[in-house]
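Colleague: I would like to learn how to read a helical model. Walk me through one, feature by feature.

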Amino acid sequence: MRAAELFEQGRSNAEIARALRVSDESVRRWKRVWEEGGTDALRRRPATGCPPKLDDAQVERVRTALEQGAQAHGFEADLWTLERVGLVVERVTGVPLSQATVWRLLTGRLGWSLRRPERRAVERDETEIARWVAHEWPRIKKGR
């Protein structure tokens, strides 16, 4: 919209590109659109492409289901994979999704990110580790 104001003031394309920190080609494209349709033609238009497979209510139902954890949905480990999320989405909404679409749902619409589980031994004993670090390690270190 700022470009339209500058077009109306008669500024050069190079001057507008510098002022808005965009390429000369972008300014030329905007100017063609502006000359053909005026300022309204430069307004943002809705995104093109296929409409989303899930509406907002379905996405919220999926969010609620995923927040319950994987074990609540019958999986052995409480770990989400794209395949597992896809199964839950289909159970909750009845809409099958590809793994790529599941990824876009998780990262785009739900705002989740990739998390890798920490690998720790089941036998790990934090109190014994703390005791060893506090008592055994200093004794071993002194022996050097």
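Modeller: Start with T101, which is found in helix α6. Helices here are DSSP runs of H or I with at least four residues, strands are E runs of at least two, and both are numbered from the N terminus. This is a predicted model, where local features need pLDDT of at least 70, side-chain atom pairs count only at pLDDT 80 or more, and totals for chains, interfaces and linings use all residues. Residues are numbered from 1 along each chain as its sequence is written, and side-chain values use heavy atoms, with hydrogens and water left out.

Colleague: Is T101 buried or exposed?

Modeller: Buried means under 20% relative accessible area, exposed means over 50%, and partly exposed lies in between, using a 1.4 Å probe and protein chains only. T101 has a relative accessible area of 17%, so it is buried.

Colleague: Which side chain does the side chain of T101 make a polar contact with?

Modeller: A polar contact is a pair of N or O atoms within 3.5 Å; within protein, one must be able to donate a hydrogen and the other to accept it, and residues adjacent in sequence count only if both atoms are side-chain atoms. For T101 the partner is the side chain of S98, at 2.9 Å. Sequence distance is another matter. T101 and P52 are 49 residues apart in sequence, with their C-alpha atoms 9.7 Å apart in space.

Colleague: How do I read the packing of two helices?

Modeller: Two packed helices are described by the angle between their axes and the distance between the axes. The axes are lines fitted to C-alpha atoms, for helices over the stretch in contact, and angles run from 0 to 180 degrees between N-to-C directions. Here α4 and α6 pack at about 90 degrees, with axes 12 Å apart. Angles under 35 degrees count as roughly parallel, over 145 as roughly antiparallel, 65 to 115 as roughly perpendicular, and the rest as oblique. So α4 and α6 are roughly perpendicular.

Colleague: Which residues make the contact?

Modeller: Contact means heavy atoms within 4.5 Å. From α4 come D56, V59, V62, R63 and L66; from α6 come L105, L106 and R109. By class, that contact has five nonpolar, no polar and three charged residues. Ala, Val, Leu, Ile, Met, Phe, Trp, Tyr, Cys and Pro count as nonpolar, Asp, Glu, Lys and Arg as charged, and the others, Gly among them, as polar.

Colleague: How do I check the length of a helix, say α5?

Modeller: The expected span is 1.5 Å times one less than the number of residues. Helix α5, residues 82-93, has twelve residues and should span 16 Å; its end C-alpha atoms are 16 Å apart, which agrees.

Colleague: Which residues of α5 are buried, and what covers them?

Modeller: The buried ones are R84, V85, G86, V88, V89 and T93. Their cover includes α4 (56-67) and α6 (99-109). Take V89 as a case. Its relative accessible area is 0%, so V89 is buried. Not counting residues up to four places away in sequence, V89 touches L54, V62, G94, V95, L97 and L105.

Colleague: And how should I read a positive phi?

Modeller: Most residues other than glycine have a negative phi. Just after α5, G94 takes a positive phi of about 80 degrees. R21 is a residue other than glycine, and its phi is near 55 degrees. R21 lies in the loop between α2 (13-20) and α3 (24-37). At 78% relative accessibility, R21 counts as exposed.
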